[in-house]
Amino acid sequence: MKFKDNIPIFIQIKDIINSRIISGQYKMGQKVSSVRDFSIEFEVNMNTMQRALTELIAEGVLVTKRGLGNFITEDIEIIDNLEGSRINSVIEEMYNDLTEMGLSDQEVIYHIQNFMKEKRDE
Amino acid sequence: MSNLLEIKNLSYRINQKLILREINLEVQAGHFIALAGENGIGKTTLLRLIASVAKNYRGEITIDGKTKPEEKKTMVSFSDQLEGFSKRTKIRDIEKFYSQVYPDFSEEKFDEIAAFLDVDCNNNLSSLSKGMKERLVIALTLSRQVALYLLDEPFSGIDVMSRDKIIKGLLTWVDENSTVIVSSHHLSEIENVVDEIIIMKDYGIYEHVKTDDIRNEQGKSIEEYFENIYWEDK
């Protein structure tokens, strides 16, 4: 697994798991891997993995059932919020990068529209 | 939480020459820790002292509350460089030696790791390349069931592709309640897998921190952060 090297790994893992939920790869109510299996999948140690899962549980994205493991929440509101905040954070990163280059808001919109137009024409 | 490893005011000299000065360190169970520092800074010496291989130090090294070397040795597995064995020794015989000396050594686990690392146990020690010898050392070290594993530059002669495979293996072979300390000056290869880092500088410990805290607070990779510390005074 390749991680960005300047962002805490547990946060990057949270983002990956959240993305899997948003994309439907993980279904609502589905059981997810154990801490150990996840740590092997992501090639990180168990403490890092545990930290990511603990936060996802605190945020209500994962639900622990004693003795059974962790499950994706069945609360549709939490999943909707997840999607909203994920979209926001992706746009924010892009927006920050572009404004740092000196682009104005209008220019940002112009380039995005241009990009999408070229994408459609491909 | 009590400490698995506790070092208090550790100083060490060889022939009047200062090697380590006033080291204080606390390590908990269940962590994966990088021990970083430039060559010759004393990483190997520190590991040898923790493993009770090197003696005559000043200060205190406690492992799980124990201070006697013979008690500590039962709790630490150190990557020995196999210098005590004759070159003609068969790997099978080294395995037998380990299983006799260490009651916690699992031949089953050794066979599993050795097979995973493509170590042919019918070979002599002398026929092994540097990288192959390092793989053997990793297999021997991790086949003991202990609270603390010390790996001293375990990958220096191993090619990058195999390193990735071995690092992944480390996650499966080591019990979750055990702690692993890996010394390395190539941090990029282990920085994702460790959750803490101990940085040595000027005969002592410069810092002992969580790797995710470095990424969070500095916005830097662990390797970048480490290099900055050394560049400061150059």
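The contact between the chains (heavy atoms within 4.5 Å) draws on 18 residues of chain A and 22 residues of chain B. The model is a predicted one, in which local features need pLDDT of at least 70, side-chain atom pairs count only at pLDDT 80 or more, and totals for chains, interfaces and linings use all residues. Residues are numbered from 1 along each chain as its sequence is written, chains are lettered from A and ligands numbered from 1 in the order in which they are written, and side-chain values use heavy atoms, with hydrogens and water left out.

The size of an interface is often given as the accessible area lost when the parts come together. Here chain A and chain B bury about 1,600 Å² between them, and 50% of this area lies on carbon and sulfur atoms; buried area is the accessible area (1.4 Å probe) that two parts lose on being put together, summed over both.

Over all chains, the structure holds 16 salt bridges, each defined as a side-chain nitrogen of Lys or Arg within 4 Å of a carboxyl oxygen of Asp or Glu. Across the interface of chain A and chain B, 1 salt bridge is found. It joins the side chains of B:Lys168 and A:Glu43, at 3.5 Å from N to O. B:Lys168 belongs to helix H6 of chain B, whereas A:Glu43 lies in the loop between H2 and H3 of chain A. Helices are DSSP runs (H or I, at least four residues), numbered from the N terminus.

On the side of chain A that touches chain B, helices H1 (9–22), H2 (35–42) and H3 (46–58) of chain A each supply at least two residues. The most comes from H3(A), with 4 residues. By class, this side of chain A comprises 9 nonpolar, 5 polar and 4 charged residues.

Terms used:
Nonpolar A, V, L, I, M, F, W, Y, C, P; charged D, E, K, R; others polar.
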